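Please open the structure in the viewer and keep the selection panel at hand.

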Amino acid sequence: MKSIIVIMCMVIVAMSVSGNEVIPRCIGNFVVDTNLKDVSLPEFLRMHKKHVNDAAKPIRVLALIDARFNAVDLAAYGWQECNRMGDIAVLMGNPATADYLVSIPGIRTIKKPSRIYPCMDSARVQCSINEVVTYSDKTGLPKAFSGKGVLLGMMDTEFDTQIPAFLDSLGKTRFVAVWDQNDTTKGFPNKYGYGVIKRGAELTANPWFGTTGSVHGTMMTSYAAGSEPTVPYGGVAPKVTIAGMQYTQDDNDLITGMQWLFALADSLKMPCVVNMSIGSASGPHDGTSLIDKAIDTLAQAGHIVVGAMGNDGAGKIHVSFPVSRTDSVGSWFVSEVSVTNGITKGYSAVDLWGEAEKSFSATWYIVNAQTKQYQKARNAISTQIAGQYKPQTIVFGTDSVVLEIAAERTSILNRKPHMQAALTTHKADIYLGCIIVGLSTTTTTVNGWNVMKKPCISLDIAGFKNGDSISSVAEIGGTGKKTISVSSYTSKSNYTLWNGTPGGNASPYHGLVGFGGYGPTLDGRIKPDIVAPGAWVTGALGRKYTDQTYIVMWNNYPDILSRYAVNGGTSISAPIVSGAVALMLEAKPDLTPDQVRTILIQTAHTDEFTGTISTPNNAWGGGKLNVLGALQKLVGQPVYADKGIERVNIVKGVFLQKLSANTFRIVGSEMVLKNAHVDMYSADGRMLKQYQRLGAKALLVCDKKGVVFIRVQSGAFREVFKRELL
């Protein structure tokens, strides 16, 4: 018997409701036969009793919930809540009764687990990339866009220029140059005075050049530009020209590298997009740092900079201190610990910024996080006395720690008082802390960041508070005024490794990743600008990558040339957007940073996870990246931006989007949908319309009022969904 995938949606079409807005509610998941399942609570209870002794392995289901949901209600039916992320709950129970969860009050819809193919197709579908890189007259675009004639500048840790993901049709690398700023080899001078730059044939003659450094850059580059023809993990801009800059640990070198990349692009007479999957917690977070100012100078028409928001949202690395002359509050800053040759070292550091013209003081403490014993390390230091304080050695228990502090009365960058402090210790559990007091006549707020990107915590000690996710946007990638800042959402929650082992987690599928940074910047700008897939996305590995934990495809094992692995982080989201910008520059090479940002925001997707976005916000920015919409906007075609759409549960990369009262779109993997067909029929079983061979995206129009059923069938799978949309 032919197996099928069936997406069944019960849709209320062209229905008007006077006086009250009707909230969409999922009716439930069920198996299509001649009759519908009864998904009432009594039937749920009956099925639970029937299957209570099953030996089936419990499954975890994602549930979209509202205020009516009470986890206590689940117990009678054999289910339990594992955890919750906003209005997404993870529920665990018997797979035989999962379909009935929607009968529980407050559960609006569920997403059951299903096999996810370990490739970038989910990200490509969700960002509408396939329709841009492959020509179709249905899109309204004049041609396919691939990034040809655009330079992609990557600033990262290493680049394996010779792997198949970066070779052109003649087998030559698409990297035109690599600058290794860490290379101390003599005899290769450049005008910058350090590092080694190799171009063209030099890269081919030195196939390992650029591969020193921690593995990261090769994979990031593949998300933007990968093009191995036999692998379904292509980057967004598969024909873009590439240049790589391996940075040092000094952030100032980034600006030199960016200058070089833009100058290289100008010499090639190409527009350029530079990707920075880089971040720092130290800085004013208001766009006034020297690095941000330099980027703002370099980023001009045809010179676009894309940066990662950082992965610090969940880390609670930010803390705010609202204080006056008569009150005070503090926090402890968790240390970064390293062990070298058996010697432990801990580093704890904080960067504090006040409000313009409002001074503050900080009294410094040291604490043992295990015993919670603490002592004063330095009396109150005021920003009214500017200067770099001498390092102070302090005996604390059995350890000698070194404390360094610097203060500014008024930073030249932004007129704000500023203080930094750093602690070096030989114990893993010793942290630096401070108590802040305002010195102005009115209440002021001092913002602090743990420079080591570790949490700010209270340790349950009176007078000290925990950190938060507010303004956790990273410096460099997230705070610049002309930088396109990118955060992440989960485009794939599970995957299968190359050896058949399942992987992944129950993160909120299509929801924000838990680690992404949040705005605003301290000058009040909304960040991020846009979000893109950031977990779990598949990219190419360099030959020096040795960790096999996340490899999902290994061609010609044990050959190390063609391996692909999943990864997560805003480091991934940024190059996906950089690839999209390369396509935009191919269409219009003189785009300015503001134009790029505006188009990305105006054409972004929204759904039930983003909610309606009338203006950008500090979690989702303008919404989810929509590459097709951005290109349509550029060439003057109508844009299906999917603002405020309803989206049916995704299975095997196929889902339904509601565009208007009577227009829908089936979206999914071309592999699944190329032979699919749609049946549209009324509630009494009468066939209304049929569509054959959908392709990767198709519009469905229904003039029938009332309840309409839509069924999508393909020959590869069998799944059924039901949802009521208003």
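Select helix H6 (residues 252–267) together with helix H7 (residues 290–298): their axes come within 10 Å and cross at roughly 5°. Helices here are DSSP runs of H or I with at least four residues, strands are E runs of at least two, and both are numbered from the N terminus. Axes are lines fitted to C-alpha atoms, for helices over the stretch in contact, and angles run from 0 to 180 degrees between N-to-C directions. H6 is therefore roughly parallel to H7, a label given to angles under 35 degrees.

Next, display the side chains at this contact (heavy atoms within 4.5 Å). H6 contributes Asn252, Ile255, Met258, Gln259 and Phe262, while H7 contributes Ile291, Ala294, Ile295 and Leu298.

The model is predicted; local features need pLDDT of at least 70, side-chain atom pairs count only at pLDDT 80 or more, and totals for chains, interfaces and linings use all residues. Residues are numbered from 1 along each chain as its sequence is written, and side-chain values use heavy atoms, without hydrogens and water.

Now colour by pLDDT, the predictor's confidence in each residue from 0 to 100. The protein averages 82, and 80% of the residues score at least 70. Select residues 1–35, where pLDDT stays under 50 and the model has 132 contacts beyond four places in sequence. Then select residues 716–726, also below 50, with 71 contacts beyond near neighbours in sequence.

Of its 726 residues, 58% are buried, meaning under 20% relative accessible area with a 1.4 Å probe, protein chains only.

Methods:
Angles under 35 degrees count as roughly parallel, over 145 as roughly antiparallel, 65 to 115 as roughly perpendicular and the rest as oblique. Buried means under 20% relative accessible area, exposed over 50%, partly exposed in between (1.4 Å probe, protein chains only).
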